[in-house]
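I opened a notebook for this structure and wrote down each thing I looked up. The entries follow in the order in which I made them.

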Amino acid sequence: MNILITRQMPESIEAEARSLGDITLRHETTPLTEAEVTKALQSFDVILCTLGDRFTSSAIAAAGPAPRCRLIANFGVGYNHIAADTAKAAGIAVTNTPGAVTEATADIAMTLLLMTARRAAEGERLARSGSWTGWQPTQMLGRQVSGKTISIIGMGRIGKAIAKRAHYGFGMQVRFFNRSPVADPGLPATQLATLTEAMTSDFTVIAVPATPATHHLIGAEALAAMPRHGILINIARGDIIDETALIDALARRTIAGAGLDVYEFEPQIPAALRRLDTVVLLPHLGTSVLEVREEMGRLALQNIADFSAGRPLSTPV
């Protein structure tokens, strides 16, 4: 079995992968181009890919009616970069790595929330600048987090983990919007009927998967429902937010701030967004913990082992 790994992985994962077949390691930081995707589908039995490797419908179709590849094992829970339905129609199974990313992603959500509310990134820049003149009673006043309301958009594994941290760690009042009823969120929380109502909390965290239905879910209308002191956090996928509408809301100060780990046209971040001091920007650090990346890798390899042995796949999408 010939396996392509499209990006450098932790050493333990690369070592384990070698036991599964003939491995081709692509030690580059850039995603596969569409032409590379097509060629890989024609050349390998299995492809272990990750965010940015765009397995579009056109790239899959260009590989022919019966491409050699039978499994795309995605390293990550989000798979909006893969045209999964097109792949399945071509006889290619698709898997992802849910569960492995939950706790680390919830941690980064709270990191962004605290950093944005307390102006930590702005303060760090001031401290490094050499121009700080010392403590002052009114210097860099931020916003209280403890006891405030938080809305979570998407109450899945990650949403529930964020809610747990917010409620038990900071005494926050948890509200959430979810496309289906959540019978037991695992803590005191109120499910709201509409997205508009959910956007009225002090803090709003986006935790829904990226699908055609959630593209630009947070646009001008949703942002207009936020209070002026409201802060928006996104740790899901960038195109869930209409970035142009967000920049406009921040520039006009109709919302107080935003904390972003993902971007609509990642890795490009608009200059207008980078200029705003009311935004905390992270380079997609959600799962950037070695043990998490190793767990993600092991789950991807488990799916490859399942495929090789003819077993049901562990985490098909």
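**Entry 1: terms and ground rules**

I take helices and strands from DSSP runs, numbered from the N terminus: a helix is H or I over at least four residues, and a strand is E over at least two. I am working with a predicted model, in which local features need pLDDT of at least 70, side-chain atom pairs count only at pLDDT 80 or more, and totals for chains, interfaces and linings use all residues. Residues are numbered from 1 along each chain as its sequence is written, and side-chain values use heavy atoms, with hydrogens and water left out.

**Entry 2: the cis peptide bond**

I looked up P267 and found it in the loop between β11 (257–260) and α11 (271–274). The peptide bond that joins E266 and P267 is cis, with omega at about 10 degrees.

**Entry 3: overall build**

I noted 12 helices and 12 strands for the protein. Its radius of gyration is 21 Å, close to the 20 Å that the globule rule gives for 317 residues, so the protein is as compact as a globular protein of that length. For this I took the radius over C-alpha atoms, and the globule rule as 2.2 Å times the number of residues to the power 0.38. The C-alpha trace spans about 65 × 50 × 35 Å along its principal axes.

I then turned to burial, where buried means under 20% relative accessible area, exposed means over 50%, and partly exposed lies in between (1.4 Å probe, protein chains only). Buried residues make up 49% of the 317 residues.

**Entry 4: cysteines**

How many disulfides are there? I used the rule that a disulfide is a pair of cysteine sulfur atoms within 2.5 Å, and the count comes to zero. C49 is in no disulfide, and the nearest cysteine sulfur, that of C69, is 9.0 Å away. From the side of C69, the closest cysteine sulfur is in C49, and the 9.0 Å between them is too far for a bond. I also checked the accessibility of both: C49 counts as buried because its relative accessibility is 0%, and C69 counts as buried at 0%.

**Entry 5: salt bridges**

I counted a salt bridge where a side-chain nitrogen of Lys or Arg is within 4 Å of a carboxyl oxygen of Asp or Glu. By this rule I have 11 salt bridges.

One of them joins the side chains of D53 and R7, at 3.0 Å from N to O. D53 lies in the loop between β3 (46–50) and α3 (57–62), and R7 in the loop between β1 (2–5) and α1 (11–17), so the pair ties together parts that are 46 residues apart in sequence. D53 is buried at 0% relative accessibility, and R7 counts as buried at 13%.

Another joins E124 and R128, at 2.3 Å from N to O. Both residues lie in helix α6 (residues 120–129), four residues apart, which I read as about one turn of the helix. E124 is partly exposed at 37% relative accessible area, whereas R128 is exposed at 67%.

I also have a salt bridge between the side chains of D248 and R252, at 2.9 Å from N to O. D248 counts as partly exposed, with 38% relative accessibility.

**Entry 6: positive phi**

Which residues other than glycine have a positive phi? I noted M140, with a phi of about 50 degrees, and R253, with a phi near 60 degrees. M140 lies in the loop between α6 and β6 (149–153), and M140 is partly exposed at 23% relative accessible area. R253 is in the loop between α10 (243–251) and β11, and R253 is exposed at 55%.

**Entry 7: the cavity**

I searched a 1 Å grid over the protein atoms alone, taking a cavity as a set of points where a 1.4 Å probe fits but cannot get out, with lining residues having an atom within 4 Å of a point. Grid points are joined across faces, edges and corners, and a volume is the space filled by probe spheres set on the points. The count comes to one cavity of 30 Å³ or more, and about 30 Å³ of space lies in the largest cavity. Its lining residues are N234, G238, I241, E243, L246, L260, V262, Y263 and E264.

Note on methods
1 Å grid on protein atoms, 1.4 Å probe; cavity = no way out; pocket = protein on both sides within 12 Å on 5 of 7 lines; lining within 4 Å.
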